[in-house]
Amino acid sequence: MAGESVVGAASGNDARRTLSRRPARADAARNYDKLIAAAADLFHAEGVDVALDKVAAEAGVGIGTLYRHFPNRAALVEATFRSYSDSIIADGWRLLESGPADVALAGVFEAYMSTASTKRGMKEAILAAVGDEAPVFSEARDQSRELMAATLEKGQREGVFREDIEPSDISRLVGGLSMTCVAEDTPETRRRMVGLVLDGLRPRG
């Protein structure tokens, strides 16, 4: 089973029944979190086709524990994708609450860019197993749009963003920047690209 393909045994309606949520019991939740962290590291380093027994070993649990939480590869990939997205959104809200909107937006842009190549691989795996109706996609889009709208509104109040910018513009810029990313990009490269985009959002004159 460790060599199961990305699509695995799940497809169509069957895959929709594999969705995994973090369990409530403390010991189970710890194992779940360790598996997600291990999967995130290995997906980034080796791609989503990495052997599942390697994920279990990296997390320090048995393969049976992995399959109790994630009945197939698609479920693990989707849960890891959700973890990436939730983390970016949570960090974005913290930045927005604690500082200027343009700094918060820069942080969100850089976070999306730093995970872009890994998330693309995960998205392709989810699409293959579940299709574009996967709830994780709509949830991630809705959360991102809410954050982008709040960030833009605050930035316009602060005078750091032009008044003619709309939330959908920000969302499309996030997507566009992410599509330009390659694994070899350095943090400095990402910051430079984000800086260029933010300059275009600032008031003229």
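With a relative accessibility of 9%, Arg82 counts as buried (buried means under 20% relative accessible area, exposed over 50%, and partly exposed in between, for a 1.4 Å probe and protein chains only). The structure is a predicted model, in which local features need pLDDT of at least 70 and side-chain atom pairs count only at pLDDT 80 or more, whereas totals for chains, interfaces and linings use all residues. Residues are numbered from 1 along each chain as its sequence is written, and side-chain values use heavy atoms, with hydrogens and water left out.

Arg82 is found in helix α5, where helices (H or I, at least four residues) are DSSP runs numbered from the N terminus. This helix, residues 73-98, comprises 26 residues and reaches 38 Å from its first C-alpha to its last, close to the 38 Å expected at 1.5 Å a residue (the expected span being 1.5 Å times one less than the number of residues).

Arg82 forms a salt bridge with Glu78, for which the closest N and O atoms are 3.8 Å apart (a salt bridge is a side-chain nitrogen of Lys or Arg within 4 Å of a carboxyl oxygen of Asp or Glu). Because Arg82 and Glu78 are 4 residues apart in helix α5, about one helical turn separates them, and Glu78 is buried, as is Arg82. The structure holds 11 salt bridges. Another of these links the side chains of Asp142 and Arg145 at 3.9 Å, N to O; here Asp142 is partly exposed, with a relative accessible area of 47%, and Arg145, at 48%, likewise counts as partly exposed.

The largest nonpolar core has 34 residues, and those with the most contacts inside it are Phe43, Val55, Leu66, Phe70, Leu76 and Ile126 (a nonpolar core is a set of buried Ala, Val, Leu, Ile, Met, Phe, Trp, Tyr and Cys residues joined through side-chain atoms within 4.5 Å). At least two residues of this core are supplied by each of α2 (26-46), α3 (52-59), α4 (63-69), α5, α7 (116-129) and α8 (135-158), and the largest share, 8 residues, comes from α2. Apart from this core lies another, of 26 residues, among them Ile88, Ala106, Ala116 and Ile170.
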